[in-house]
Structure formats: C-alpha cells, structure tokens
Amino acid sequence: YIGETAALNAALANAGVSEGQISHQKVELDRDDGRMIYEIEFRVDRTEYDYEIDALTGDVLKAESDWDD
C-alpha cells in the first residue's frame, strides 16, 4: 500500500491545503467493497474534510467538505 503519509498528502493536495494548516487528522486503512482504502478526515479552521484514497494507487475516490457553523 502507498502508506498513510502518501494518502494524507494526496488528500491535502486535492483540498489545496498544507499539513501545517490542519488542526485535527484521522487516517485509517479500511476495506470497502473488496478494495483497500484510506479513510481520511481533517479540519482546517471551520471546514471539515472527508476523503477516501485508494490504498494501491493513491487516487482520490471520495472528497467532501463541510463548513461548520
């Protein structure tokens, strides 16, 4: 697998933020429909980001963000 650091970097690049900007992060390796993925969550200010990264290729499979009121 690509590793947690590479998966987090793929998510951060997609979001357009740097690791120094995030205040909370969670990275887990999980199996989803027979595919290994990294589930990644992090916050930047009041925005929460939720990503799924393919554990073999590093492709972004899901990218969501929510503004916390």
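Predicted model: local features only at pLDDT ≥ 70, side-chain atom pairs only at ≥ 80, totals over all residues.

**Strands, turns and a glutamine**

Me: Thanks. How many bridges are there between β3 and β4?
Reply: There are 7 bridges, and β3, made of residues 47-54, pairs with β4 in the antiparallel sense.

Me: And the whole sheet, what order do the strands come in?
Reply: The order is β1-β2-β3-β4, in an open sheet of 4 strands with antiparallel pairing. β1 and β4 (60-67) stand at the edges with a single partner strand each, so one side of each has no neighbour in the sheet. On average, neighbouring strands are turned by 15° against each other, ignoring direction.

Me: What lies across those strands?
Reply: Helix α1 does: it lies across β1, β2 (35-44), β3 and β4, and runs at about 55° to β2.

Me: Back to β2, then. How many of its residues are buried?
Reply: 7 of the 10 residues of β2 are buried, so the strand is largely enclosed by the rest of the structure.

Me: Who are its partners, and over how many bridges?
Reply: β1 is joined to β2 by 9 bridges, and β2 pairs with β3 over 8 bridges. Both pairings are antiparallel. For landmarks, V27 stands opposite I40 in β2, while R43 has E48 in β3 as its bridge partner.

Me: Now the turns. How many residues sit between β1 and β2?
Reply: There are 2 residues between β1 and β2, which form a hairpin. D33 is in that turn, with a positive phi of about 55°, although D33 is not a glycine.

Me: Is D33 buried or exposed?
Reply: D33 counts as exposed because its relative accessibility is 79%, and the cut-off for exposed is over 50%.

Me: What about the hairpin of β2 and β3, which residue takes a positive phi there?
Reply: That would be D45, with phi near 55°, in a hairpin that has 2 residues between the strands. D45 is a residue other than glycine too. Its relative accessible area is 66%, so D45 is exposed.

Me: Changing topic: where is Q21?
Reply: Q21 is in the loop between α1 (4-15) and β1 (24-32).

Me: What is Q21 in contact with, leaving aside its neighbours within four places in sequence?
Reply: Q21 is in contact with R43 and V44.

Me: How far apart are Q21 and R43?
Reply: They are 22 residues apart in sequence, and 8.4 Å apart in space from C-alpha to C-alpha. R43 is also the residue whose bridge partner in β3 is E48.

Me: And the side chain of Q21, which backbone atom does it reach?
Reply: The side chain of Q21 reaches the backbone nitrogen of S18, at 2.7 Å.

Notes:
Residues numbered from 1 in each chain as written. Heavy atoms only, no water. Contact = heavy atoms within 4.5 Å. Polar contact = N/O pair within 3.5 Å; in protein donor to acceptor, adjacent residues only side chain to side chain. Pairing = 2+ DSSP bridges. Axes fitted to C-alpha atoms, helices over the stretch in contact; angles between N-to-C directions. Buried < 20%, exposed > 50% of the residue type's maximum accessible area, 1.4 Å probe, protein only.
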